[in-house]
Amino acid sequence: MTVVMVLWCCLALLLLAVAAALGGRRAFSGPRVYGGTAIICLVAFVAALTGTYGALVLPIGLPWLGAHFSVDRLAAVFLALIDLGGGGAALYAIGYGRHEHAPRRVLPFFPAFIAGMNLVVIANDAYTFLFAWEVMSLASWALVMSDNRAADSQRAGVVYLIMATFSALTLLLAFGLLAAPHGSYAFADMRGGTLPGWRSGLVLALALIGAGSKAGLMPLHAWLPLAHPAAPSHVSALMSGVMTKVAIYAFIRIVFDLLGPSVWWWAVPVLTAGGAAAVLGVLHALMERDLKRLLAYSTIENVGIVFIGLGLALAFRANAMPDAAALALSAALFHAFNHMLFKSVLFFGAGSVLVATGERNIERLGGLIRVMPISAACMLVACMAISGLPPLNGFASEWLTFQTILVSPRLPQWGLRLLVPTVGTLLALAAALAAACFVRAYGIAWLGRPRSACVETAHETDRYSLAAMGIFAALCVLAGLFPSLLINGLSAAVQQLVGSRLPSETGLAWLSIEPMADRSTSYNGFMVFTFLMIAALVGWLAVRILGSRAVRRARLWDCGYPDLGPSSQYSAAGYAQPIRRVFGPLVFHSSETVVMPPPGDLAPASIRKRTHDLAWEMLYEPVCDAVLALAELFNRVQFFTIRRYLSFVFLALVGLLLALTLWQ
Amino acid sequence: MIQALLAQGVQAFLVLLAAPLLIGHVRRVKARLQRRRGPSVLQPYRDLRRLLQKEVVLPETSSWLFRVAPFFIFSATWVAAALVPTFATDLLFSWSGDLIAIIALLGTARFLQALVALDVGTSFGGLGSSREVMIASLAEPALIMLVFTVALIAGTTELSGIAAAVLSPTIGLRVSLALAFIGFVIVAIAENARIPVDNPATHLELTMVHEAMVLEYSGRYLAVIDLASAVKLVMYTSLIACVFCPWGIAPPESTLPRYAIGLAAWAGKMLVAGTALAVFETIIAKMRVFRVPDFLGIALMLGLLGTLLLFVSRSL
């Protein structure tokens with residue numbers, strides 16, 4: 001049974017973690033631990049793909065509850081996602097881990113982190129779920145803090161710890177409300193009960209806040225662009241590619257599975273948060289110069305796209321439109337899977353650049369395509385996939401989401417009818433801005449001329465890292481060419497949650513995907529790819545037959561100004577300037593001021609730009625200030641004399657006795 | 001089946017061969033409006049031949065992407081154009097990509113174009129690329145919303161289906177279609193780098209967008225990119241013709257004379273659209289780059305308005 005197999009894998013991972021912490025430096029070296037993790041993940045992945053569904057109870061944990069585990073169709077999908085991503089990250093780390101400054105700070109936590117994520121997905125009661133959730137959070141927190149020398153990783157660690165605790169707290173409350181009718185924490189008991197209106201709404205809000213803050217939904221995202229880049233790159237790939245998916249799993253599990261029938265207005269906050277995250281995430285990514293932070297912000301965008309799909313699925317589910325709900329949910333799950341694939345490649349590539357050059361700032365890179373050709377090719381595939389370009393996988397899932405929006409005029413509620421087109425605009429905007437963002441990231445870092453000396457000494461990364469990047473880039477292409485195979489794999493989970501599925505690919509020509517049986521719309525990635533290749537070949541042959549073959553290498557055209565240095569190229573900040581001017585005043589409250597020296601002064605003029613992160617300024621800082629003010633207030637209580645404290649105790653006693661008397 | 005395959009093949013090569021002619025026609029009409037005689041309408045063909053036979057000057061700093069990208073820019077544009085019905089709707093492969101896929105294919109071409117502009121490492125390339133992505137980041141969502149408007153009326157995003165739906169008597173004149181038409185024209189002007197968004201005839205750095213991106217290209221690579229831009233213009237014109245005035249287009253399983261009528265109708269539409277474009281470009285001045293977002297914002301709002309109208313009422 002899959003659940004037994006996965007439990008054994010989790011146990012093996014945890015034992016590996018303990019051994020890596022306590023064992024000898026030689027016996028449990030980096031490559032061995034990572035290699036072992038990769039093999040265990042592969043076993044769990046195969047078990048998730050081929051296994052059988054089932055549940056079991058272990059006599060551990062709370063004595064009256066035990067630990068419930070189960071693998072159902074939804075869990076199997078996410079298990080496959082986690083273990084594929086985890087295995088890839090471990091493979092990458094076999095090579096990348098050699099460059100760690102302090103491998104002993106990373107090695108024990110890496111397998112524990114993957115084990116925690118697996119346990120979250122197979123947990124079948126609230127106690128086990130939250131325990132596994134905390135294992136996942138704390139292990140990843142330790143990984144974020146592994147590079148303790150960097151000042152920003154300490155800040156990232158503190159913020160992450162606070163937000164992780166907060167998200168666990170909200171989930172705890174959500175489970176508490178769900179358990180209330182029976183007082184049982186087993187998921188099987190929660191499913192049976194139906195909550196009165198306001199309580200189910202409260203559970204939705206708590207789940208959205210708890211899972212959403214872990215996944216990086218706006219405005220609870222603030223920890224994510226700090227924490228994800230601070231970790232070592234293979235851990236960043238895991239956190240961005242996989243851990244956000246575990247958070248999405250938690251949301252789906254609570255809202256679609258445990259909470260019972262949906263209400264239409266639940267879709268409103270989910271769609272709003274998703275749309276906002278999609279656009280704001282990618283706009284922040286566009287302004288970012290740190291390659292890993294840029295990728296972290298782009299994660300927020302993709303999580304937003306997934307939540308748009310989930311919101312639409314909720315709306316359709318509440319209105320008893322199972323076919324449309326199946327379409328929306330398939331789009332969301334498919335995009336979650338795709339995001340794991342391409343975001344892993346992107347973080348692997350960013351890690352390789354970091355090793356090769358020591359730089360994360362794209363302003364100091366450039367021309368990497370010449371020194372790291374194979375990584376550059378993999379990165380190009382991933383950049384095109386995440387930009388939603390056909391024939392790759394990112395487009396296939398965005399296409400499905402767009403098709404979902406097109407069936408939503410059938411929704412009866414006016415609120416949704418007005419909201420959905422707006423969210424559609426946001427989605428289209430996010431897709432277009434993502435393309436701009438990744439043209440900028442790839443073009444500045446990999447193309448052009450080197451902007452600093454660190455690029456000239458760079459070299460191609462090791463073969464394990466290349467293998468991991470190559471495999472995932474190839475999977476991006478395959479998932480784009482044959483999306484129907486993946487969607488078919490997801491359909492069991494979709495069927496379980498909304499009671500319907502997309503039309504099976506077997507009835508359609510050449511593995512096309514078709515959103516609804518009654519609409520004559522289809523897309524076929526394989527055909528589009530074939531046509532693209534044929535057309536390019538025709539063009540190339542025609543040019544080769546008709547045209548000249550003479551090539552002359554020459555210097556750049558310099559407009560008559562000789563010796564234009566690499567600094568004359570566009571910088572990343574300059575590249576984003578038009579978009580910052582268009583969206584900045586609204587989204588970042590950005591401003592530009594030119595500082596001119598006084599007349600006669602020979603100092604250069606300078607331009608100053610200021611951008612604000614409004615989520616920090618309008619949400620986090622007021623909360624921080626309030627907490628500080630409260631702490632300041634209670635601080636006085638610390639410095640009283642013993643007489644005062646005794647009198648406080650006396651007064652409290654009297655007060656309690658009075659209350660007790662009056663109560664009765 | 002055979003007939004549909006033939007229609008598909010003929011049409012794919014038709015857009016390719018006719019593309020320079022449309023460019024030549026626009027240039028000719030513009031020249032006449034400026035009281036010049038202007039070059040022959042066949043001049044773009046001669047330009048392409050000349051470019052093909054010249055040697056390529058490759059910048060020292062260029063990578064393999066620089067030599068590969070033109071062919072993929074061309075192929076993505078051509079595949080997108082081949083999926084748009086011109087004179088007949090029965091295209092064999094129209095099921096492999098709908099209107100959203102066609103737009104995304106153009107996005108692929110633009111992505112590669114903006115990327116290789118950064119490859120050689122000049123400030124011109126960066127300038128063109130940075131402006132191009134700014135324009136695209138507004139034009140693409142506008143186009144998607146306009147497609148939503150049209151698709152909601154037709155009930156499908158497949159172009160043959162849309163053409164058939166617009167031809168059917170149930171659709172008639174609609175407010176949302178009129179909004180979508182204006183939006184489509186705005187986006188087409190922006191995407192094809194025409195005045196007032198960009199000037200295809202300029203080499204002044206303040207105003208260049210598309211030309212700045214291809215500045216380092218020469219010889220056969222430039223020929224391929226120029227042909228791709230020409231195909232893109234034909235594609236947008238055919239798309240607008242197919243969606244908003246599909247009259248005359250040959251339905252599936254037509255006879256040969258019916259195809260001839262379709263072809264003549266398409267040629268007539270291209271002629272009218274080319275002339276209208278030339279007139280429009282002559283009477284209007286180029287915009288500042290930072291006015292372009294306002295211009296495209298109109299298209300985006302029109303698209304959103306059209307979609308909202310259709311979400312509110314199916315008959316608007």
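Biologist: Into which domains is chain A divided?

Modeller: Good place to begin. Keep in mind that this is a predicted model. Chain A has domain 1, covering 1–189, and domain 2, covering 262–540. Their C-alpha centres lie 25 Å apart.

Biologist: How many residues of domain 1 of chain A are in contact with domain 2 of chain A?

Modeller: On the domain 1 side there are 14 residues, in contact with 21 residues of domain 2 of chain A. By class, the domain 1 side divides into 8 nonpolar, 4 polar and 2 charged residues.

Biologist: Now the helices. At what angle do the axes of helix 8 and helix 10 of chain A cross?

Modeller: Helix 8 (residues 197–215) and helix 10 (residues 233–258) of chain A have axes that come within 8 Å and cross at roughly 170°. Angles over 145 degrees count as roughly antiparallel, so helix 8 of chain A is roughly antiparallel to helix 10 of chain A. Among the residues that meet are A:V203, A:L204 and A:A207 in helix 8, with A:F251, A:I254 and A:V255 in helix 10. The contact has 12 nonpolar, 1 polar and 1 charged residues.

Biologist: And between the chains, how many residues does the contact take from chain A and from chain B?

Modeller: Chain A gives 68 residues and chain B gives 71 residues. Helix 17 of chain A supplies the most to the chain A side, with 16 residues. That side divides into 43 nonpolar, 17 polar and 8 charged residues.

Biologist: In which sense do strand 3 of chain A and strand 1 of chain B pair?

Modeller: They pair in the parallel sense, over 4 bridges. To find one by eye, look at A:R552, whose bridge partner in strand 1 of chain B is B:V57.

Biologist: Which peptide bonds are cis?

Modeller: As a general idea, most peptide bonds are trans. Here, a cis bond joins A:M218 and A:P219, with omega about -5°. A:P219 sits in the loop between helix 8 and helix 9 of chain A. The bond from A:P390 to A:P391 is also cis, with omega near 5°.

Key. Residues numbered from 1 in each chain as written. Chains lettered and ligands numbered in written order. Predicted model: local features only at pLDDT ≥ 70, side-chain atom pairs only at ≥ 80, totals over all residues. Axes fitted to C-alpha atoms, helices over the stretch in contact; angles between N-to-C directions. Helix = DSSP H or I, 4+ residues; strand = E, 2+ residues; numbered from the N terminus. Parallel < 35°, antiparallel > 145°, perpendicular 65-115°, else oblique. Contact = placed C-beta atoms within 7 Å. Nonpolar A, V, L, I, M, F, W, Y, C, P; charged D, E, K, R; others polar. Pairing = 2+ DSSP bridges. Domains from an automatic or database assignment.
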